[in-house]
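Biologist: I am new to this one. Please show me the model, and then I will ask about it.

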Amino acid sequence: MNRTTLSLIAAATALAAVTGFAAVSAPDASETTATAKTPARLPVERSSLLCPAPSTSELAETAYTSFTPAGTEGAGTGGAAELAPSVTLLDDTAADDEKKTDDKADDGTNDDKAKDDKAKEPAADGADAKVKPFLALKEPGKPVSGTKNASDAPALVGTATGPLAPGWTTQQTTTVTAGDARGLLGVTCTAPDSDFWFPGASTDKSRQDYVHLTNPDDTAAVADVALYGKEGTLKSDTGEGIPVPARSSVPVLLSTLTGEAEPNVTVHVSTRTGRVGAVVNAADEKIGGDWLAASADPAPRVVLPGVPADATSVRLVVFAPGEDDAELKVELAGKSGTIVPAAAAETLNVKSGMTASLDLEDVTKGEAGSVLLSPAEEAGETPVVAALRVVRGKGADQEVAFIPATGPVAERATVADNRAKGSTLSLAAPGKTGKVKVTASAGSGGGEQVVKTYTVKGGTTQAVAPPVPTGLKGSYALTVEHESGGPVHAARTLAVTQDGVPMFTVQTLPDDRGMVSVPATKEDLSVLK
């Protein structure tokens with residue numbers, strides 16, 4: 001093996017260790033020589049996704065949609081992308097229950113006989129199991145969907161390889177028609193990592209918030225869960241050293257970690273060993289529930305896109321994880337430009353290690369927008385994490401969703417499970433004007449892709465009905481690609497009205513990291529073997 005290959009493998013290994021997300025292979029010697037001064041851009045060859053157990057409600061109906069964008073240059077051929085139930089929930093009872101459950105996979109290859117297959121075949125060491133995939137993607141550009149209607153639906157663990165790895169995404173959408181967790185609960189299945197921030201959680205008596213920890217690997221992980229309220233760290237004797245068995249998922253009720261009831265809490269998940277996927281399921285006894293995804297990494301400037309036009313209540317929750325306090329200007333970027341909302345006339349002070357909140361009320365007032373955070377005049381560049389709790393409806397017909405801070409679409413981002421009706425795409429350009437290309441994929445049951453381009457004026461948000469595939473059957477994916485100009489942040493809202501309740505869920509579109517830069521060598525080492 002030549003030394004160039006060794007150095008590139010080392011770089012790829014380091015990348016996978018840091019992100020828990022991707023692996024790449026080295027270019028051949030001629031490519032290395034030609035690009036000696038410029039890092040090579042290569043598609044990832046392996047991606048992992050983790051979907052939490054969807055709901056404990058007997059009324060839960062969950063739809064899954066898996067998708068990889070087509071057209072990734074250099075992605076090669078072959079590969080696989082499969083999601084299978086986590087091991088710990090696959091005992092003999094679960095296997096029997098599977099036969100009684102209405103499970104359907106709409107991928108053109110899985111059929112009803114899959115229900116009768118035994119769900120678990122223990123490996124020799126008992127630490128791993130060969131589990132039949134629940135959802136298997138066969139080709140880029142065409143989504144695969146499946147459903148599971150049960151209160152004991154397990155978490156899913158999956159890996160994509162080859163041309164199915166770059167940009168692989170899976171959406172989990174659950175409809176619960178009654179109970180404390182009533183609502184449309186949507187989440188983009190997460191990549192494993194070692195560090196997550198969740199501003200916007202709660203330990204209040206009216207809330208039942210669980211952080212779901214899912215381990216994709218064949219060895220156990222150990223996680224710490226720290227909670228921060230308005231006065232700082234919430235005392236906890238049980239949040240440290242939480243074991244997460246191999247290829248398993250563990251839900252942790254936040255109110256059991258502390259005796260302090262706080263309406264606005266920031267959750268920090270970190271791992272001592274191994275890696276996990278983490279997401280918070282938040283359920284309010286009055287306004288339903290949804291998933292709270294992790295905020296983007298701490299940054300002094302934050303964008304929270306996709307606040308619906310008819311939002312009746314919006315609460316901003318911010319946390320400063322570093323040693324410095326943050327003094328923030330709060331703005332709303334709408335259709336016509338950026339304003340300072342009346343509720344945010346004063347700057348927001350966020351003390352180090354403390355959770356701050358600000359009620360923005362019905363801030364959008366009939367015009368969809370995005371909340372922007374930036375350092376106040378003469379204030380320092382203090383990194384923060386943030387999220388919004390958004391409510392639609394009034395009285396008994398209210399519904400809640402969460403919008404975490406998200407990074408821009410640097411190259412490409414995708415969200416799956418879009419419907420012919422009820423989908424809204426929000427595009428926010430906080431700085432200069434930006435241009436993006438949006439591709440509506442073929443449907444899971446048929447149809448042809450449609451492409452449309454949007455120019456988003458600087459300081460504004462465009463909320464549009466996204467393009468729909470020609471002859472759509474089933475659900476489809478939306479892929480946003482940055483073409484030119486300033487950064488653009490994106491979010492998708494999926495809305496369904498059920499018995500007068502305006503159910504909805506919002507997923508942000510962070511960059512899919514389907515391409516990575518591999519450092520080039522300073523000299524041609526291809527002849528050294």
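**Exposure, backbone and disulfide**

Modeller: Lys 365 counts as exposed, because its relative accessibility is 64% and exposed means over 50% (buried is under 20%, partly exposed in between; 1.4 Å probe, protein chains only). This is a predicted model, where local features need pLDDT of at least 70, side-chain atom pairs count only at pLDDT 80 or more, and totals for chains, interfaces and linings use all residues. Residues are numbered from 1 along each chain as its sequence is written, and side-chain values use heavy atoms, with hydrogens and water left out.

Biologist: Where does Lys 365 lie?

Modeller: Strands are DSSP runs of E, at least two residues, numbered from the N terminus. Phi of Lys 365 is positive, near 50°. Its place is the loop between β27 (355-361) and β28 (369-375).

Biologist: What is the phi of Arg 247?

Modeller: Most residues other than glycine have a negative phi. Arg 247 sits in the loop between β17 (242-244) and β18 (249-253). Its phi is positive, near 45°.

Biologist: Which residues form a disulfide?

Modeller: A disulfide is a pair of cysteine sulfur atoms within 2.5 Å. The count by this rule is one. The sulfur atoms are 2.0 Å apart in the pair Cys 51 and Cys 189.

Biologist: How many residues apart are Cys 51 and Cys 189?

Modeller: The link is right-handed, with 110° about the S-S bond. Cys 51 is in strand β2 (residues 46-51), and Cys 189 is in the loop between β12 (183-188) and β13 (195-201). The pair links distant parts of the chain, 138 residues apart.

Biologist: Are Cys 51 and Cys 189 buried or exposed?

Modeller: The cut-off for buried is under 20% relative accessible area. Both Cys 51 and Cys 189 are buried.

Terms used. Helices (H or I, at least four residues) and strands (E, at least two) are DSSP runs, numbered from the N terminus.
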